[in-house]
Amino acid sequence: MAKGRAVAIVLDDVEKRELTALTRKHGAPQAVAERARIVLAAAGGLKNKEIASKLRVCTHTVGTWRNRFADHRMDGLYDEPRPGAPREIGDDEIASTIRKTLETRPKGGTHWSLRSMAKEIGHAPSTVHRIWRAFGLQPHRVETFKLSTDPLFVEKVRDIVGLYLSPPERAIVLCVDEKSQVQALDRTQPLLPMRPGQAERRTHDYKRHGTTSLFAALDVKAGTIVGKCMARHRASEFRKFLDEIERNVPANLDVHIVMDNYATHKTRPIRNWLAKRPRWHVHFTPTSASWINQVERFFALLTERALKRGVFRSVAELEKAIKACIDATNTDPKPFRWTKTADDILASIQRFCLRTLAANA
């Protein structure tokens, strides 16, 4: 080969398939995928400068991996073992550590910590940390879940998700719920404001100054909120809130409301109120599935933006802050974007149930 001339790359069918798979494989190292693209481009007859321009890499990089592939074929695409001290823990010990983490508990405890596991296996906590990080194990964390036992779960999910993704014409879709017993909390000592190098500080204890209940309806398409604070959250207050919605919705639109199975939503006065208004259509969420009601997401934003760090010396101050947050939301509304189809949701729940059953088998 003349000096300076790039080596020609000729691929057989197997190598071409393997290289193409590396460029498309989900989760493949990006460095290896890039090298595979270089080799494929070289096999296509492109020069090093053309490949470098096409893939936005330097010419030297193209030449390096072209030559490595020519000398070592597929093995040449992978990094060579790096120098350094050998591992102090072998594969068998790593497997044993993983089994202990998953299948056992420390004496007198509910879960392993870095130090307790390090003492158990006779290695440093940093070694345990590397093993757990490599296999995605976090014994200190715990999450909650609850599966709905509603016999009409599938039908209700399809109904409500259908409203979100394809709302009916000449109609408004509202997600309705109550955020009950919102407390007006005042700290026992004044707040220390944020300053450079110091976060805002507040006392851990507080004084209670009463509660209020927020009734809210989220317009799914517009992202606006109809909200009203009331002292209690009985059926009579809910009926008053329905009257408030009725006054705010144009008379020429049908009203589809999504709400949960709370007892006050199904009392006789509420049923009679709805029966007298044929343009109203109710869609109940499945039991134990509040995540499907989009107004819950607004309640989370309200808590984060206005309530969690608020200081309220009276219920009136609390309600004023809630109203200010609702007004700010309505001034610049941003509807939540629902992306999951009913089939996606049901398939995800099915996978979770199968994994749970397999873990408990």
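How many salt bridges does the structure hold? I find 12 salt bridges, a salt bridge being a side-chain nitrogen of Lys or Arg within 4 Å of a carboxyl oxygen of Asp or Glu.

Before going on, I note the basis. The model is predicted, so I rely on local features only at pLDDT of at least 70 and count side-chain atom pairs only at pLDDT 80 or more, while totals for chains, interfaces and linings use all residues. Residues are numbered from 1 along each chain as its sequence is written, and side-chain values use heavy atoms, with hydrogens and water left out.

**Entry: E15 and R73**

I looked up E15 and found a salt bridge with R73, with the closest N and O atoms 2.8 Å apart. The pair links distant parts of the chain: E15 is in helix α1 (residues 13-24), and R73 is in the loop between α4 (59-72) and α5 (91-103), 58 residues apart. For accessibility I take buried as under 20% relative accessible area, exposed as over 50%, and partly exposed as in between, with a 1.4 Å probe and protein chains only. E15 counts as buried because its relative accessibility is 11%. R73 is at 29%, so I log R73 as partly exposed.

Helix α13 (residues 342-360) has 19 residues. From its first C-alpha to its last α13 reaches 27 Å, close to the 27 Å expected at 1.5 Å a residue; the expected span is 1.5 Å times one less than the number of residues. Which residues of α13 are buried? I list A342, I345 and L346 as buried. They lie on the same side of α13 because they cover an arc of only 95° around the axis, the arc being that of the directions from the helix axis to the C-beta atoms. On the other side of α13, I find L354, R355, A358 and A359 exposed. The cover over the buried residues of α13 includes α8 (153-165).

I then checked D343 and R158, whose side chains meet in a salt bridge at 2.9 Å, N to O. D343 lies in helix α13 and R158 in helix α8, so the pair ties together parts 185 residues apart in sequence. D343 is partly exposed, with a relative accessible area of 46%. R158 also counts as partly exposed, at 41% relative accessibility.

**Entry: helix α9**

The side chains of E244 and R247 meet in a salt bridge of 2.7 Å, N to O. E244 and R247 are separated by about one helical turn because they are 3 residues apart in helix α9 (residues 235-248). R247 counts as exposed at 59% relative accessibility. I also noted a network in which salt bridges that share partners join E246, R277 and R279.

Leaving out residues up to four places away in sequence, I245 touches L174, V176, A217 and W280, where contact means heavy atoms within 4.5 Å.

**Entry: strand β1**

Strand β1 (residues 171-187) is mostly covered, with 12 of its 17 residues buried. I count two strands as paired if DSSP finds at least two bridges between them. β1 and strand β4 (residues 254-259) run parallel and are joined by 5 bridges. In β4, I257 stands opposite L174. With strand β2 (residues 206-219), β1 pairs in the antiparallel sense over 11 bridges. The bridge partner of L185 in β2 is R208.

**Entry: aromatic pairs**

I find 6 aromatic pairs in the structure. Rings of Phe, Tyr and Trp (its six-membered ring) pair if their centres lie within 6.5 Å; planes under 30 degrees apart count as stacked, over 60 as edge-to-face and the rest as tilted. The rings of Y164 and W338 have centres 4.9 Å apart and planes at 55°, so I record the pair as tilted. Y164 lies in helix α8 and W338 in the loop between α12 (315-331) and α13, so the pair ties together parts 174 residues apart in sequence. Y164 counts as buried at 8% relative accessibility.

F298 and F299 form a tilted pair, 6.2 Å centre to centre with 50° between the planes. Both F298 and F299 are buried. Ring pairs also link F215, F238 and F241 into a cluster.

Key. Helix = DSSP H or I, 4+ residues; strand = E, 2+ residues; numbered from the N terminus.
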